[in-house]
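Colleague: I'm new to this one. Can you walk me through it?

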Amino acid sequence: MAPKNLKIWRIEDFEMVEQPKSSYGYFFTGDSYLVMNEYKDSDGNTAYDLHMWIGSKSSQDEYGSCAFHAVKLDDEYGGVPVQHRETEGYESSLFMGYFKPAIKYQEGGVASGFNHVEINDYSSVKRLLWVRGRRHVRANVVPLAWSSLNKSDCFVLDMGNTIYTWNGPKCNRFEALQATVVANDVRSNERAG
């Protein structure tokens, strides 16, 4: 569950488009995002952390526009936000802490030819999530094929109405637990139970 004062915008056609709370924690690898968390500092003052998240397949125009809008937001809030740059797969602990149980990467992006997955449309969902990490968990969508599985890791097979976890025989128990948590999160939050 994301903090209640978190806002996320995706860069679409050089503009900031606010994302619905139901999509928090899902990031398309072909896009760039702005993520802002509002909180109270130790003195009780309002403070902000502003993160620029850059997907591995995001275009230079998108992350340039993301940086432009970050400066614009910083100005709107009187220079108070602390700015952070996050890149896919190398996010800070602070950023990863916003998205429990895991951050989930999706292939595609707003300007790509890939089809976006609707969060609440599970009738056509067929995906395999590769779950990694103990404390800061990442769930990457990998090709739905036997060759994607390995003996050392854990996976969540999401078939829409049915969700399975697969734990390799050499996986560690912490990742096995996290795979179960991710599967439960998909069931509870994406499928509404």
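This is a predicted model: local features need pLDDT of at least 70, side-chain atom pairs count only at pLDDT 80 or more; totals for chains, interfaces and linings use all residues.

Colleague: Okay, is V131 buried or exposed?

Modeller: V131 is buried, because its relative accessible area is 0% and anything under 20% counts as buried.

Colleague: What is V131 in contact with, leaving aside its neighbours within four places in sequence?

Modeller: The partners of V131 are V137, R138, A139, C154, V156, E175, Q178, A179 and V182. As for V141, its C-alpha is 9.1 Å from that of V131, and the two are ten residues apart in sequence.

Colleague: Let's zoom out. How many helices and strands does the protein have?

Modeller: There are three helices and eleven strands. Going along the sequence, the pattern reads β-β-β-β-β-α-β-α-β-β-β-β-β-α.

Colleague: And what radius of gyration does the protein have?

Modeller: The value is 17 Å. A compact globule of 193 residues would have one near 16 Å, so the protein agrees with that. The C-alpha trace spans about 50 × 40 × 30 Å along the principal axes.

Colleague: How much of the protein counts as buried?

Modeller: Of the 193 residues, 45% count as buried. The protein exposes about 10,400 Å², and carbon and sulfur atoms supply 51% of that.

Colleague: What about contacts between residues at least 6 apart in sequence? How many of those join residues at least 24 apart?

Modeller: That would be 59% of them.

Colleague: Switching to charges: how many positive and negative ones are there?

Modeller: There are 21 positive and 25 negative charges, and their mean positions are 11 Å apart.

Colleague: Now the aromatics. How many aromatic pairs are in the whole structure?

Modeller: A search finds eleven aromatic pairs. Take F27 and F95: their ring centres are 5.8 Å apart and their planes are at 50°, so the pair is tilted.

Colleague: Where do F27 and F95 lie?

Modeller: F27 is in strand β3, residues 26-28, while F95 is in helix α2, residues 93-96. The pair therefore ties together parts that are 68 residues apart in sequence. Both F27 and F95 are buried.

Colleague: Which residues do ring pairs link into a cluster?

Modeller: F27, Y33, W53, F95, Y98, F99 and Y105 are linked that way.

Colleague: Let's move to the backbone. Where is there a cis peptide bond?

Modeller: Look at K100 and P101: a cis peptide bond joins them, with omega at about 5°. P101 is in the loop between α2 and β7, the latter covering 102-106.

Colleague: And which residue other than glycine has a positive phi?

Modeller: D13 is one of them, with phi near 50°. F14 also has a positive phi, of about 70°, although it is not a glycine.

Colleague: Where do D13 and F14 lie?

Modeller: D13 lies in the loop between β1 (6-12) and β2 (15-18), and F14 lies in the loop between β1 and β2 as well.

Colleague: Is D13 buried or exposed?

Modeller: D13 counts as exposed, because its relative accessibility is 71% and the cut-off is over 50%.

Colleague: Okay, Y48 next. Where is it, and is it buried or exposed?

Modeller: Y48 has its place in strand β5, residues 46-54. Y48 is buried, with a relative accessible area of 12%.

Colleague: What is Y48 in contact with, beyond its neighbours within four places in sequence?

Modeller: M36, N37, E38, Y39, Y77, V80, P81 and V82. From Y48 to P81 is 4.4 Å, C-alpha to C-alpha, although they are 33 residues apart in sequence.

Colleague: Last stop, S59. Where does that one lie?

Modeller: S59 is in the loop between β5 and α1, and α1 covers 60-76. S59 is partly exposed, with a relative accessible area of 32%.

Colleague: And how far apart in space are S59 and G44?

Modeller: Their C-alpha atoms are 39 Å apart, while in sequence S59 and G44 are 15 residues apart.

Terms used
Residues are numbered from 1 along each chain as its sequence is written. Side-chain values use heavy atoms; hydrogens and water are left out. Helices (H or I, at least four residues) and strands (E, at least two) are DSSP runs, numbered from the N terminus. The radius of gyration is taken over C-alpha atoms; the globule rule is 2.2 Å times the number of residues to the power 0.38. Buried means under 20% relative accessible area, exposed over 50%, partly exposed in between (1.4 Å probe, protein chains only). Contact means heavy atoms within 4.5 Å. Accessible areas come from the Shrake-Rupley method with a 1.4 Å probe; for residues, only the protein chains shown count as cover. Lys and Arg count as positive and Asp and Glu as negative; His and the chain ends are not counted. The place of a charge is taken as NZ of Lys, CZ of Arg, CG of Asp or CD of Glu. Rings of Phe, Tyr and Trp (its six-membered ring) pair if their centres lie within 6.5 Å; planes under 30 degrees apart count as stacked, over 60 as edge-to-face and the rest as tilted.
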